[in-house]
Amino acid sequence: VSPAGSIAPATPMLEPRSGHSATLLPNGKVLIAGGMRRNQDFYRSAELYDPATGRFQPTGSMAVARVGNVAVLLPTGKVLVAGGWVGHDCTDSAELYDPTTGKFQPLSKMTARRGRPNATLLATGDVLITGGADHDAPGGVATAEIFRSADSRFEPLGPMHFPRIAHTTTLLPDGRVLIAGGRGATVTAAAEIFDPVTNQFVITGSMLTARYKHSAGLLPDGRVLLAGGSDDRDWTGALNSAEIYDPRTRAFTATSPLHDSRFKLPDEAVQLASGRLLIAGGSTTVEVYDPKTQKFIVAAGQMSEPRHYMTETKLSDGSVLITGGYPNSDRASTETWIYRP
């Protein structure tokens, strides 16, 4: 057995999905929404994973079939689902999932169309939504907005300093948000901080490596790990490098590399009860970053194929549900795994 825990196959989803969202609900179930079967074949459907039975069951459908959407659990217990691609275009549509009724309810539109934006639940209970692609800016936009949970409306913010898609956003312990990497005209190493007190974006130190489609996670000491992703070469430019942002020095420093180069990762790396971070996707293995040794350790067990745009969701018992994604083709998978620390 690996000291990094293990992954094992679990019950498949009802539909093959990649680019979907997965959200832990207050009742311990996981809402899986949207995604695609293959290019241009997107889902309105959603399903629920029940850890008590280990099975998936259908739930209500969204108003819009979407892939590359965001989903955030709000303080009310409902889930905000917003943005993504619909057909060949990006959408500004948003909806709210109510676990008590199992239904989605359409909301007023976002202030901009966003394919694959990022969303972060702020300490205030509001949601910061940044970047993503627009029809006229497939490389990513600089616009941002806030979803006000109290009255379910979207409010525009001043723009970020850089256009971004496939960036990461990480809530820092002081309530600010680190926004790193992504792509505008090219893949960037630039990072900035959103301050919810001033509603302003402020430039901070740059990453050592330009990266997008990477993963980022909060370490127990308040620093942020950024790992993997790719450069402008995309499939041939996948990275194994990793670095750490320290909010006190506003600087990035290198840490030990991943064992595997990997990209098209979940934006947020799951923080385990031990304080370690789980990095999954883009490879047949999963790795755990140990902040004590500052090294990645490979977990026992392997996936059948590398998975891109899959999800990882920490369950109530501390294990992690890993779902879907696509291998080195555009056909999504129904396969799921459970990671146990």
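Me: To start with, where does Arg-223 lie?
Reply: Arg-223 lies in the loop between strand S22 (215–218) and strand S23 (224–227). Strands (E, at least two residues) and helices (H or I, at least four residues) are DSSP runs, numbered from the N terminus. Please note that this is a predicted model, in which local features need pLDDT of at least 70 and side-chain atom pairs count only at pLDDT 80 or more, while totals for chains, interfaces and linings use all residues. Residues are numbered from 1 along each chain as its sequence is written, and side-chain values use heavy atoms, with hydrogens and water left out.

Me: Which side chain does Arg-223 join in a polar contact?
Reply: The side chains of Arg-223 and Asp-221 are joined by a polar contact of 2.8 Å. A polar contact is a pair of N or O atoms within 3.5 Å; within protein, one must be able to donate a hydrogen and the other to accept it, and residues adjacent in sequence count only if both atoms are side-chain atoms.

Me: And which residues does Arg-223 touch, not counting those up to four places away in sequence?
Reply: On that count, Arg-223 touches Gly-217, Leu-218, Ile-244, Tyr-245, Asp-246, Pro-247 and Arg-248. Contact here means heavy atoms within 4.5 Å.

Me: Now another arginine. Is Arg-38 buried or exposed, or in between?
Reply: Arg-38 counts as partly exposed, because its relative accessibility is 28%. Buried means under 20% relative accessible area, exposed over 50%, and partly exposed in between (1.4 Å probe, protein chains only). Arg-38 is placed in strand S4 (residues 36–38). Leaving aside neighbours within four places in sequence, Arg-38 is in contact with Asp-330 and Arg-331.

Me: Let us turn to sheets. In what order do the four strands S8, S9, S12 and S13 form their sheet?
Reply: The order is S8-S9-S12-S13, in an open sheet with antiparallel pairing. Two strands pair if DSSP finds at least two bridges between them. Strand S8 (70–73) and strand S13 (103–106) are at the edges with a single partner strand each, so one side of each has no neighbour in the sheet.

Me: How many bridges join S9 to S12?
Reply: Four bridges join strand S9 (residues 79–82) to strand S12 (residues 94–98). Within this pair, Val-81 has Glu-95 in S12 as its bridge partner.

Me: What about the sheet with S14; which strands stand at its edges?
Reply: That open sheet has the order S14-S15-S16-S17, and its pairing is antiparallel. S14 and strand S17 (153–157) stand at the edges, each with a single partner strand, so one side of each is left without a neighbour in the sheet.

Me: How does S15 pair with S16?
Reply: S15 and strand S16 (residues 144–148) pair in the antiparallel sense over four bridges. Thr-130 stands opposite Ala-144 in S16.

Me: Last topic: how many aromatic pairs does the structure hold?
Reply: The structure holds eight aromatic pairs. In one of them, the rings of Tyr-97 and Phe-104 have centres 4.8 Å apart and planes at 50°, so the pair is tilted. Rings of Phe, Tyr and Trp (its six-membered ring) pair if their centres lie within 6.5 Å; planes under 30 degrees apart count as stacked, over 60 as edge-to-face and the rest as tilted.

Me: Are Tyr-97 and Phe-104 buried or exposed?
Reply: Tyr-97 is buried, with a relative accessible area of 1%, and Phe-104 is buried at 11%.
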